[in-house]
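Colleague: I am new to looking at protein models, and I would like to learn how to read one. Could you take me through an example step by step?

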Amino acid sequence: MEKLSFKDLRIFRTSGELQVNTYLFSLHGINYVVDPGKGIGKYVDRIKCDVIITHGHYDHIAGIRELEVDRLYISPEDSAFLREARLNLSGFFNDIVSMDISWYNIDDYFDTLLAPGHTPGSRIVVFEGVLFTGDVVFSDTVGRADLNPIPGQQRVMSKTVRTLSKIFKQFPQDWYVCPGHGDIVTLEKLFKMNPFFK
Ligand SMILES: [Zn+2]
C-alpha cells in the first residue's frame, strides 16, 4: 500500500455550488488529481496528470476536460458514465459531459475497496494514511442510493456501509477520510460523529 501524508494533499472546491472536494498530490514524480470537478483548471493550469475517479457522477468528472490527462483510473462498472450523460447526470446541470477517453481499471493499480450503492462502481481508494471515499462516506452521513441507475440500491448501500465500518476499524484511527464533499475527518472522528459508523 502506498503511503500518502494528509499534509501533502492540496484540496480545491470545484463544480460550483455542488462543491466537490478535488484533491491533488504528487507521488513518485506523478501528479494525481482525484475527482476533478468543473473549474479545477482555474487552480491548476493544464497540468499533466493522472486522474483518479471515485465514481462517475458529473460533478466529479466535469473538470477532466480542463486537465492534460495522461492516465485516467476508474472502476469498470462506472466507466460508461464518462461517455453517457444519462448515467453521469450531467443533463441535470445543463452541461452535457460525454467523453470518449481511454481509462484504466482502478483496481489494477490502486488499493481499493468496493463500495457499491451510490453508483454501481463506487470505490474507496486506500492509501496508507488517507482514504478517498467519494460520495460513499462523508464526515457525518453516507451517500444517496436513489441516484443509482440500478433500482433498489438502498440495501446494497447499507451492506457497503456495514462492510466498510468493519474494515475502517482495522485501520489506524488517525488516518484521514477525504470525501467527495464536505469536511475531512480522521477515522477516530468519523466513528464518533457519523451515525452510520457508530
Ligand atoms: Zn456522486
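Colleague: Leaving aside its neighbours within four places in sequence, which residues is Tyr73 in contact with?

Modeller: Let me start with two notes on what you see. This is a predicted model, where local features need pLDDT of at least 70, side-chain atom pairs count only at pLDDT 80 or more, and totals for chains, interfaces and linings use all residues. Residues are numbered from 1 along each chain as its sequence is written.

Modeller: Now the idea of a contact: two residues are in contact if their C-beta atoms, placed from the backbone, lie within 7 Å. Beyond its neighbours within four places in sequence, Tyr73 is in contact with Asp50, Val51, Ile52, Ile53, Trp103, Tyr104, Ile106, Tyr109 and Phe110. Take Ile106: it is 33 residues from Tyr73 along the chain, and the two C-alpha atoms are separated by 4.7 Å.

Colleague: Is Tyr73 buried or exposed?

Modeller: We count neighbours: a residue is buried if 20 or more other C-beta atoms lie within 10 Å of its own, exposed if 12 or fewer, and partly exposed in between, with C-beta atoms placed from the backbone. Tyr73 has 22 C-beta neighbours inside 10 Å, so it counts as buried. Across the chain, buried residues make up 43% of the 198 residues.

Colleague: In which strand is Tyr73 found?

Modeller: Helices (H or I, at least four residues) and strands (E, at least two) are DSSP runs, numbered from the N terminus. Tyr73 is found in strand 5, and the chain has six helices and 11 strands.

Colleague: Val51 was on that contact list. What does Val51 itself touch?

Modeller: Val51 is found in strand 4. Not counting residues up to four places away in sequence, Val51 touches Val33, Pro36, Ile64, Leu67, Val69, Leu72 and Tyr73. Val51 counts as buried because it has 23 C-beta neighbours inside 10 Å.

Colleague: Which residues have the most contacts inside the largest nonpolar core?

Modeller: In soluble globular proteins, nonpolar side chains tend to be buried together. A nonpolar core is a set of buried Ala, Val, Leu, Ile, Met, Phe, Trp, Tyr and Cys residues joined through C-beta atoms within 7 Å. Here the largest one has 46 residues, and those with the most contacts inside it are Val51, Ile52, Ile124, Val130, Leu131 and Phe132. Among the elements that give two or more residues to this core are strand 3 (30-34), strand 4 (48-52), strand 5 (68-74) and helix 5 (154-170). Its largest share, four residues, comes from strand 8.

Colleague: In what order do the five strands of the open sheet come?

Modeller: Two strands pair if DSSP finds at least two bridges between them. The five strands form an open sheet in the order 7-8-9-10-11, with mixed pairing. Strand 7 (111-114) and strand 11 (185-186) stand at the edges with a single partner strand each, so one side of each has no neighbour in the sheet. Strand 9 (residues 130-134) and strand 10 (residues 176-179) run parallel, joined by four bridges. In strand 10, Cys178 is the bridge partner of Phe132.

Colleague: Which residues of helix 5 are buried?

Modeller: Met157, Thr160, Leu164 and Phe168 are buried in helix 5. To see how they are placed, look down the helix axis and take the arc of the directions from that axis to the C-beta atoms. The buried residues of helix 5 fall within an arc of 65 degrees, so they line one face of the helix. What covers them includes strand 7, strand 8 and helix 6 (187-193). The face turned away from the buried side carries the exposed residues Arg155, Lys159, Arg162, Lys166, Lys169 and Gln170.

Colleague: And where is His28 placed?

Modeller: His28 is in the loop between strand 2 (20-27) and strand 3. Phi of His28 is near 50 degrees, a positive value in a residue other than glycine. His28 is exposed, because it has 6 other C-beta atoms within 10 Å.
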